[in-house]
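Good morning, and thank you for making the time.

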Amino acid sequence: MAVQRALDNLVGNAVRYGRHAWISLEAGKRSLTIRVEDDGPGIPEVERDQAVKAFARLDPARNQNLPGVGLGLSIAADIARSHGGQLRLGSSAAHGGLRADLVLAR
């Protein structure tokens with residue numbers, strides 16, 4: 001249930017800030033990576049650590065009309081850690097927006 005909530009948060013953010021979301025899965029020997037990518041504005045590298053903190057709302061002018069209180073990425077990161085993994089944020093080379101990797105230990 002917790003992993004489902006993390007994915008709901010990541011996919012919800014992807015379609016909220018972009019027009020499309022792409023989800024892929026990679027199973028390794030020691031971890032499972034669920035990647036969610038979008039074609040939105042992304043998150044600048046210097047703001048990614050801040051973005052996973054509770055109640056973080058980046059660029060208020062851009063986000064003022066969007067619902068939420070800034071907990072989605074924080075919750076996803078906490079869930080990943082509780083499963084021996086991590087949430088990694090980056091830029092989607094394929095789609096131009098955010099890439100969020102939910103890495104879970106196997």
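**The core and its surroundings**

In the largest nonpolar core, which has 19 residues, the members that touch the most others are L10, I43, L73, L87, L89 and L102. By nonpolar core I mean a set of buried Ala, Val, Leu, Ile, Met, Phe, Trp, Tyr and Cys residues joined through side-chain atoms within 4.5 Å. Buried means under 20% relative accessible area, exposed over 50%, and partly exposed in between, with a 1.4 Å probe and protein chains only. Two or more residues of this core come from each of α1, β2, α4, β3 and β4, and α4 gives the most, with six residues. In soluble globular proteins, nonpolar side chains tend to be buried together.

Before I continue, some conventions. This is a predicted model, in which local features need pLDDT of at least 70 and side-chain atom pairs count only at pLDDT 80 or more, while totals for chains, interfaces and linings use all residues. Residues are numbered from 1 along each chain as its sequence is written, and side-chain values use heavy atoms, with hydrogens and water left out.

What does L87 contact, leaving aside its neighbours within four places in sequence? Its partners are L10, V52, L73, A76, A77, A80, A100, D101 and L102, where contact means heavy atoms within 4.5 Å.

The protein chain has four helices and four strands, in the order α-β-β-α-α-α-β-β. These are DSSP runs numbered from the N terminus: helices are H or I with at least four residues, strands E with at least two.

Let me turn to helix α1, residues 2-17. Its 16 residues reach 23 Å from first C-alpha to last, close to the 22 Å expected at 1.5 Å a residue; the expected span is 1.5 Å times one less than the number of residues. Buried in α1 are A6, N9, L10, N13 and A14. Seen down the axis, they fall within an arc of 130°, so they line one face of the helix; the arc is that of the directions from the helix axis to the C-beta atoms. Their cover includes β1, β2, α4, β3 and β4.

N13 of α1 is buried at a relative accessible area of 17%, and touches G18 and L73 beyond four places in sequence. T33, in strand β2, counts as buried at 11% relative accessibility. Not counting residues up to four places away, T33 touches S24, L25, E26, R88, D101, L102 and V103.
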